[in-house]
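Dear colleague,

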Amino acid sequence: MAKILLVEDDILLANNLKRFLVTEGFDVVHASGQAEGIKAFEDSLFDCVLLDISLGDGNGFSVCESIKAVSDVPVIFLTASADETCTVAGFDAGADDYISKPFRPRELIARMKNAMRKNSSVTSSISCGGVTILPAKGIVMKNGSEIYLSALEYRLLMVFFTNKELLLTRDRLVQELWSVSGEFVSDNTLNVYMKRLREKIEDNPQQPSIIITVRGRGYKAVD
(Lines give C-alpha, C1' and ligand atoms only; values in the text may rest on other atoms or scores of the structure.)
Protein backbone atom coordinates (compact mmCIF):
# COMPACT_ATOMS: atom_id res chain seq x y z
CA MET A 1 0.00 0.00 0.00
CA ALA A 2 1.47 3.33 -1.11
CA LYS A 3 1.75 5.93 1.64
CA ILE A 4 0.82 9.49 0.68
CA LEU A 5 1.54 12.78 2.46
CA LEU A 6 -1.16 15.36 1.74
CA VAL A 7 -0.21 18.94 2.69
CA GLU A 8 -3.36 21.05 2.33
CA ASP A 9 -4.79 23.81 4.54
CA ASP A 10 -8.32 23.59 3.13
CA ILE A 11 -9.69 21.09 5.66
CA LEU A 12 -12.86 20.26 3.72
CA LEU A 13 -10.91 19.57 0.53
CA ALA A 14 -8.28 17.61 2.45
CA ASN A 15 -10.89 15.42 4.15
CA ASN A 16 -12.71 14.70 0.88
CA LEU A 17 -9.49 13.93 -0.99
CA LYS A 18 -8.18 11.77 1.83
CA ARG A 19 -11.44 9.81 1.90
CA PHE A 20 -11.24 9.24 -1.86
CA LEU A 21 -7.59 8.17 -1.78
CA VAL A 22 -8.22 5.75 1.08
CA THR A 23 -11.05 4.09 -0.89
CA GLU A 24 -8.57 3.74 -3.77
CA GLY A 25 -6.20 1.79 -1.53
CA PHE A 26 -3.77 4.49 -0.39
CA ASP A 27 -2.57 5.19 3.15
CA VAL A 28 -2.88 8.96 3.63
CA VAL A 29 -1.35 11.29 6.23
CA HIS A 30 -2.72 14.84 6.24
CA ALA A 31 -0.74 17.92 7.29
CA SER A 32 -2.43 21.32 7.28
CA GLY A 33 0.61 23.60 6.97
CA GLN A 34 4.28 24.04 6.07
CA ALA A 35 5.76 23.21 9.47
CA GLU A 36 3.43 20.26 10.02
CA GLY A 37 4.14 18.94 6.52
CA ILE A 38 7.92 19.05 6.93
CA LYS A 39 7.66 17.43 10.37
CA ALA A 40 5.41 14.65 9.01
CA PHE A 41 7.90 13.92 6.22
CA GLU A 42 10.77 13.78 8.69
CA ASP A 43 8.87 11.36 10.92
CA SER A 44 7.84 8.79 8.31
CA LEU A 45 8.51 7.36 4.85
CA PHE A 46 6.19 8.28 1.99
CA ASP A 47 5.79 7.12 -1.61
CA CYS A 48 4.32 10.40 -2.89
CA VAL A 49 3.57 13.93 -1.63
CA LEU A 50 0.54 15.99 -2.68
CA LEU A 51 1.19 19.61 -1.91
CA ASP A 52 -0.72 22.90 -2.03
CA ILE A 53 1.21 26.13 -2.68
CA SER A 54 -0.70 28.54 -0.42
CA LEU A 55 -0.40 27.42 3.20
CA GLY A 56 -1.39 29.36 6.28
CA ASP A 57 2.07 29.30 7.85
CA GLY A 58 4.19 29.37 4.69
CA ASN A 59 4.14 27.95 1.19
CA GLY A 60 4.45 24.70 -0.68
CA PHE A 61 7.63 25.73 -2.45
CA SER A 62 9.54 25.62 0.84
CA VAL A 63 8.06 22.23 1.70
CA CYS A 64 9.01 20.86 -1.72
CA GLU A 65 12.58 22.16 -1.47
CA SER A 66 12.98 20.66 2.02
CA ILE A 67 11.75 17.28 0.80
CA LYS A 68 13.86 17.25 -2.36
CA ALA A 69 16.97 18.18 -0.37
CA VAL A 70 16.87 14.79 1.33
CA SER A 71 14.74 12.50 -0.86
CA ASP A 72 13.67 11.72 -4.42
CA VAL A 73 10.08 10.94 -3.41
CA PRO A 74 7.66 12.32 -6.05
CA VAL A 75 6.05 15.68 -5.21
CA ILE A 76 2.88 16.79 -7.01
CA PHE A 77 1.51 20.30 -6.55
CA LEU A 78 -2.29 20.56 -6.26
CA THR A 79 -3.09 24.24 -6.42
CA ALA A 80 -5.48 26.92 -7.60
CA SER A 81 -2.44 29.00 -8.61
CA ALA A 82 -2.35 28.02 -12.28
CA ASP A 83 -0.45 30.99 -13.70
CA GLU A 84 2.82 30.40 -15.52
CA THR A 85 4.97 32.01 -12.83
CA CYS A 86 3.72 29.64 -10.11
CA THR A 87 3.98 26.63 -12.41
CA VAL A 88 7.60 27.40 -13.27
CA ALA A 89 8.42 28.11 -9.62
CA GLY A 90 6.91 24.75 -8.68
CA PHE A 91 9.09 22.84 -11.12
CA ASP A 92 12.12 24.91 -10.12
CA ALA A 93 11.49 23.81 -6.52
CA GLY A 94 11.76 20.19 -7.70
CA ALA A 95 8.12 19.20 -8.28
CA ASP A 96 7.47 16.13 -10.42
CA ASP A 97 4.04 17.28 -11.58
CA TYR A 98 1.65 20.23 -11.25
CA ILE A 99 -2.14 19.89 -11.26
CA SER A 100 -4.53 22.85 -11.17
CA LYS A 101 -7.66 22.89 -9.04
CA PRO A 102 -10.34 21.83 -9.63
CA PHE A 103 -8.96 18.51 -10.82
CA ARG A 104 -10.45 15.18 -11.82
CA PRO A 105 -9.79 12.55 -9.12
CA ARG A 106 -9.12 9.74 -11.60
CA GLU A 107 -6.60 11.87 -13.44
CA LEU A 108 -4.89 12.61 -10.13
CA ILE A 109 -4.60 8.89 -9.40
CA ALA A 110 -3.12 8.27 -12.84
CA ARG A 111 -0.55 11.03 -12.39
CA MET A 112 0.37 9.81 -8.92
CA LYS A 113 0.98 6.28 -10.21
CA ASN A 114 2.99 7.62 -13.12
CA ALA A 115 5.20 9.71 -10.82
CA MET A 116 5.75 6.79 -8.45
CA ARG A 117 6.51 4.47 -11.36
CA LYS A 118 9.13 6.88 -12.70
CA ASN A 119 10.60 7.22 -9.22
CA SER A 120 10.95 3.45 -8.85
CA SER A 121 13.08 3.38 -12.00
CA VAL A 122 15.73 5.74 -10.63
CA THR A 123 18.87 4.45 -8.97
CA SER A 124 17.70 2.31 -6.09
CA SER A 125 20.90 2.63 -4.06
CA ILE A 126 24.32 4.29 -3.97
CA SER A 127 27.09 2.59 -2.02
CA CYS A 128 30.60 3.43 -0.95
CA GLY A 129 32.85 1.84 1.64
CA GLY A 130 30.12 -0.33 3.14
CA VAL A 131 27.65 2.54 3.51
CA THR A 132 24.52 2.57 1.31
CA ILE A 133 22.12 5.40 0.50
CA LEU A 134 18.55 4.55 -0.60
CA PRO A 135 17.63 7.85 -2.33
CA ALA A 136 13.95 7.05 -2.92
CA LYS A 137 13.44 6.59 0.82
CA GLY A 138 16.06 9.00 2.10
CA ILE A 139 17.65 6.23 4.17
CA VAL A 140 21.32 5.54 4.90
CA MET A 141 22.42 2.05 5.93
CA LYS A 142 25.66 0.68 7.36
CA ASN A 143 26.18 -3.02 8.02
CA GLY A 144 22.44 -3.62 7.77
CA SER A 145 21.48 -0.92 10.27
CA GLU A 146 20.02 2.51 9.54
CA ILE A 147 22.15 5.58 10.24
CA TYR A 148 20.19 8.69 11.22
CA LEU A 149 21.48 11.82 9.53
CA SER A 150 20.28 15.40 9.61
CA ALA A 151 19.17 17.00 6.33
CA LEU A 152 22.53 18.72 5.85
CA GLU A 153 24.50 15.59 6.77
CA TYR A 154 22.44 13.60 4.27
CA ARG A 155 22.98 16.20 1.55
CA LEU A 156 26.72 16.22 2.23
CA LEU A 157 26.89 12.43 2.00
CA MET A 158 24.87 12.45 -1.25
CA VAL A 159 27.31 14.92 -2.78
CA PHE A 160 30.26 12.70 -1.90
CA PHE A 161 28.65 9.43 -3.01
CA THR A 162 27.40 10.79 -6.33
CA ASN A 163 30.91 12.11 -7.01
CA LYS A 164 32.94 9.10 -5.89
CA GLU A 165 36.69 9.30 -6.56
CA LEU A 166 36.37 12.98 -7.50
CA LEU A 167 38.09 15.71 -5.50
CA LEU A 168 35.54 18.08 -3.94
CA THR A 169 36.89 21.40 -2.75
CA ARG A 170 35.78 23.00 0.48
CA ASP A 171 34.24 25.88 -1.47
CA ARG A 172 32.12 23.43 -3.48
CA LEU A 173 30.91 21.71 -0.31
CA VAL A 174 30.10 25.01 1.43
CA GLN A 175 28.01 26.03 -1.57
CA GLU A 176 26.14 22.70 -1.50
CA LEU A 177 25.25 23.10 2.19
CA TRP A 178 24.32 26.75 1.71
CA SER A 179 21.90 25.95 -1.14
CA VAL A 180 20.10 23.36 1.01
CA SER A 181 19.91 25.31 4.28
CA GLY A 182 18.99 28.61 2.65
CA GLU A 183 21.26 30.31 5.18
CA PHE A 184 24.89 31.34 5.07
CA VAL A 185 27.19 28.40 5.77
CA SER A 186 30.69 29.21 6.97
CA ASP A 187 33.90 27.25 6.63
CA ASN A 188 33.65 26.38 10.33
CA THR A 189 30.14 25.01 9.78
CA LEU A 190 31.54 22.65 7.14
CA ASN A 191 34.12 21.44 9.68
CA VAL A 192 31.35 20.67 12.15
CA TYR A 193 29.27 18.71 9.63
CA MET A 194 32.27 16.80 8.30
CA LYS A 195 33.12 15.76 11.86
CA ARG A 196 29.54 14.69 12.61
CA LEU A 197 29.21 12.78 9.34
CA ARG A 198 32.47 10.92 9.84
CA GLU A 199 31.46 9.99 13.38
CA LYS A 200 28.36 8.31 11.95
CA ILE A 201 29.73 6.52 8.89
CA GLU A 202 33.38 5.77 9.62
CA ASP A 203 34.62 2.82 11.67
CA ASN A 204 37.42 5.06 12.93
CA PRO A 205 36.54 8.76 12.51
CA GLN A 206 40.10 9.73 13.45
CA GLN A 207 41.41 7.75 10.47
CA PRO A 208 38.62 7.99 7.88
CA SER A 209 38.60 5.51 5.01
CA ILE A 210 35.33 6.40 3.25
CA ILE A 211 35.65 10.19 2.97
CA ILE A 212 39.34 11.02 2.98
CA THR A 213 41.06 14.39 3.25
CA VAL A 214 43.22 15.54 0.35
CA ARG A 215 45.47 17.91 2.24
CA GLY A 216 45.24 21.49 1.08
CA ARG A 217 42.72 20.66 -1.65
CA GLY A 218 39.51 19.17 -0.22
CA TYR A 219 37.92 15.75 0.25
CA LYS A 220 37.19 12.61 -1.73
CA ALA A 221 34.87 9.60 -1.27
CA VAL A 222 36.68 6.33 -2.00
CA ASP A 223 35.65 2.65 -2.04
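Predicted model: local features only at pLDDT ≥ 70, side-chain atom pairs only at ≥ 80, totals over all residues.

Residues are numbered from 1 along each chain as its sequence is written, and side-chain values use heavy atoms, with hydrogens and water left out.

The structure holds five aromatic pairs (rings of Phe, Tyr and Trp, the last by its six-membered ring, with centres within 6.5 Å; planes under 30 degrees apart count as stacked, over 60 as edge-to-face and the rest as tilted). In one of them, the ring centres of Phe41 and Phe46 lie 6.2 Å apart with the planes at 20°, so this pair is stacked. Phe61 and Phe77 form an edge-to-face pair, with 5.7 Å between the centres and 65° between the planes. Phe61 and Phe77 also belong to one aromatic cluster with Phe91 and Tyr98.

The largest nonpolar core has 53 residues, and those with the most contacts inside it are Leu156, Leu157, Phe160, Phe161 and Ile211 (such a core is a set of buried Ala, Val, Leu, Ile, Met, Phe, Trp, Tyr and Cys residues joined through side-chain atoms within 4.5 Å; buried means under 20% relative accessible area, exposed over 50%, partly exposed in between, with a 1.4 Å probe and protein chains only; contact means heavy atoms within 4.5 Å). Apart from this core lies another, of 20 residues, among them Leu17, Phe20, Leu50 and Ile76. Leu156 touches Leu173, Leu177, Leu190, Tyr193, Met194 and Leu197, not counting residues up to four places away in sequence.

With best wishes
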